[in-house]
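Here is a friendly briefing to read alongside the model. Have the sequence and structure open as you go.

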Amino acid sequence: MPVAPSLDHIVSLCKRRGFVFPGSEIYGGLANTWDYGPLGVELRNRVREEWWKTFVRKRPDMVGLESAIFMNPKVWEASGHTKSFADPLVDCRSCKQRFRGDKLLEDRLGIEGAAVLKLEQIQKMLTAEKIPCPNCGKSNWTDARSFNLMVKAYQGVVEDEASLVYLRPETAQGIFVNFKNILDTVHPRLPFGVAQIGKAFRNEITPGSFIFRTREFEQMEIEYFVEPGTEREHFEAWKEAVWEWYRSVGISKERLRIREHAKEELSHYSSRTIDIEYQFPWGWGELFGLANRGTFDLRQHQTFSGQDLRYTDPADPTKKFLPAVIEPSFGVDRSVLVFLLEAYTEEEAPTAAGGMEPRVVLKLDPRLAPYDSAILPLSKKEPLVAKAQEVYRMLLQETDLRLDFDVTGSIGKRYRRQDEIGTPRAITIDFGTLGEDDAQGKRDTLTIRDRDTLTQERVAIGELSRRLAL
Ligand SMILES: [Zn+2]
């Protein structure tokens, strides 16, 4: 396992190569927002696609959904978010900065799980331990109070209570409120799952660490409906499937661990939750969550909506019941960050002159790399560029590969750029391709350079599409 990069290395690479930019940068930015650039959007798309392929398309027991971000506010009453989705907030009386009381305790006292403490307990400990403000160093705290994390918005033209809506804090509820529609239209049989990828919003008091914790983020969630009493086996199966997926796309097992939530730490809807954690540069952090939500959500929505949300046993139509739910929940942004951290490599590579030089290479799994191949004419000379363009057009037509065409700078510079953005193969068109040193029989052949091994192989143009498909 190579040495882990610092977060600064990743932030810098992301900016330099067009993966992630600070949000609204020309206006001085907006705290905690990030925009995905040309390379970042390709990486994100591929993360979503790989996920969807693995967990939806390749499974007979899954279907998809895409629900609206705005939902009837009653949804959040039923789900418990209006009441219980809150963090303990304290203000520093000296500098007026706001903090999460539980996080202050965790950071200063080196403890874990302070989120389970009651507001009064947090209050008492902050004072008793004289916890200093991270901003100004004084210890002068207001009372701890509960701060709801849902982001408010106003739908329609009148800004009054009647049109108050929330930006959804999780994609899960869109699945629960469509449960009946899904039963009535595609008639799935238990156990089955519904998957959704989409944005969610949480007014985190202390966001941070680049794209790790942002107020606007994207989830990949599954609600997996099972017969009550079988939750345990499905929980275990999902735990393994998810672990396997992260391993298969290149995350080293040394940097992954499973953390079981303590009873007091569980969300209001969950009877068991585990996290898969990743060893980030600043320590272990949640990458994925698996929760046993039981029948909580469907029961709540049945009560609040007055609609019958029960599932009918196809073998016995008199048997109607609310299924239990296992919820695997992934973050797109966090996964992207982990893939970048894991792939980032600094190493020595041989130069053309026979020496060695340092290079940065993103050793992304080829399924996640923004580009499959880059087409590079050896130099800017016209016949080389024209031939390279011809090869480029041919590949666009004959394959579904994602291709970059790059003619800017020396060939060495362009190789380094492709290494840094993780392109698995570089295809170089040189004078041999044009037949200018045909004594060596190179006419209509080109070079494929491998990102990781740096080996170069001469291939006939006619063979190229087939070779790249391998
Ligand atoms: Zn302060």
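**The open sheet and its surroundings**

Five strands, in the order S20-S19-S21-S22-S23, make up an open sheet with mixed pairing. Strands pair here if DSSP finds at least two bridges between them; helices (H or I, at least four residues) and strands (E, at least two) are DSSP runs, numbered from the N terminus. This is a predicted model: local features need pLDDT of at least 70, side-chain atom pairs count only at pLDDT 80 or more, and totals for chains, interfaces and linings use all residues. Residues are numbered from 1 along each chain as its sequence is written.

- S19 (residues 373–377) runs parallel to S20, and the two pair over three bridges.
- Isoleucine 375 has phenylalanine 405 in S20 as its bridge partner.

**Helices on the sheet**
- Helix H13 (residues 411–421) packs on the sheet and touches S19, strand S21 (425–429) and strand S22 (445–450). Contact means that C-beta atoms, placed from the backbone, lie within 7 Å.
- The direction of H13 makes about 175 degrees with that of S19; axes are lines fitted to C-alpha atoms, for helices over the stretch in contact, and angles run from 0 to 180 degrees between N-to-C directions.
- Helix H15 (residues 461–469) also packs on the sheet, touching S19, S21, S22 and S23, and its direction makes about 120 degrees with that of S23.

**Domains**
- The domain assignment, automatic or from a database, gives domain 1 (7–68 + 171–340), domain 2 (86–148) and domain 3 (371–469).
- Five residues of domain 1 contact 10 residues of domain 2.

Note on methods: Contact = placed C-beta atoms within 7 Å.
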